[in-house]
Amino acid sequence: MLNQDDASGRPEPAMSENEMTAEALRENEYMFRVLMETMPAAIFVHQGGKYVYVNSEAEKITGYSKEELLNMNFWDWVSPEYQEVMRDRGTARLRGEKIVSRYEVKYRTKDGRDGWADFAAGVVEYIGRPSVIAVAFDITKRKGAEKALKKSEFILAKSQEMAHVGNWAWNLR
């Protein structure tokens, strides 16, 4: 079977089914790589406790280089009070246990700053082995805004209590 003529006018041989499958696989891998490297979220893949892949956003959020992250346990950059739960969830997920797939976790950057991440994780096969893939969005600013709002609401409630006044909301449907 022949395809359309090429620019020289000679007919091109058609691709076999195996060649088409291999080409589709290459295209999917390329698309996946572009997505992983351009996504505005940290992406981590770990096997057996160690990272085997991290994207550039993971470096930005954690402050660690790719090389440093690839030599760390997957829970090492998480704040000490969250390390055990992170380790337990990650290893349980690899064993096939049903684990909550999305949660918030506090982390500590390389330079010692604390932050918060919204994590989502699942199990995939990567390089022929079961692996955990996790996506983390930095929510540090949102957590700070929530804390400031709670403080403001507390101050308002106390001020109203001391002044013996209240507030009301009108339901304008």
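1. Ground rules. Residues are numbered from 1 along each chain as its sequence is written, and side-chain values use heavy atoms, with hydrogens and water left out. As this is a predicted model, local features need pLDDT of at least 70 and side-chain atom pairs count only at pLDDT 80 or more, while totals for chains, interfaces and linings use all residues.

2. The cavity. Searching the whole structure turns up one cavity of 30 Å³ or more. A cavity here is a set of points on a 1 Å grid, over the protein atoms alone, where a 1.4 Å probe fits but cannot get out. The volume of the largest cavity is about 90 Å³, a volume being the space filled by probe spheres set on the points.

3. Its lining. Lining residues have an atom within 4 Å of a point; among them are Phe44, His46, Tyr51, Phe74, Met86 and Phe119. Helix 4 gives the most, with three residues. Helices (H or I, at least four residues) and strands (E, at least two) are DSSP runs numbered from the N terminus. By type, the lining has nine nonpolar residues, two polar and one charged. Ala, Val, Leu, Ile, Met, Phe, Trp, Tyr, Cys and Pro count as nonpolar, Asp, Glu, Lys and Arg as charged, and the others, Gly among them, as polar.

4. The cores. A nonpolar core joins buried Ala, Val, Leu, Ile, Met, Phe, Trp, Tyr and Cys residues through side-chain atoms within 4.5 Å. Buried means under 20% relative accessible area (1.4 Å probe, protein chains only). The largest core has 23 residues, and Phe44, Tyr51 and Met86 are among those with the most contacts inside it. There is also a second, separate core of six residues, including Met36 and Tyr126.

5. His46. You'll find His46 in strand 3. His46 is buried, at 4% relative accessible area. Not counting residues up to four places away in sequence, His46 touches Tyr51, Phe74 and Gly90, among others; contact means heavy atoms within 4.5 Å.

How values were computed. On a 1 Å grid over the protein atoms alone, a cavity is a set of points where a 1.4 Å probe fits but cannot get out, and a pocket is an open set with protein on both sides within 12 Å along at least five of seven lines; lining residues have an atom within 4 Å of a point. Buried means under 20% relative accessible area, exposed over 50%, partly exposed in between (1.4 Å probe, protein chains only).
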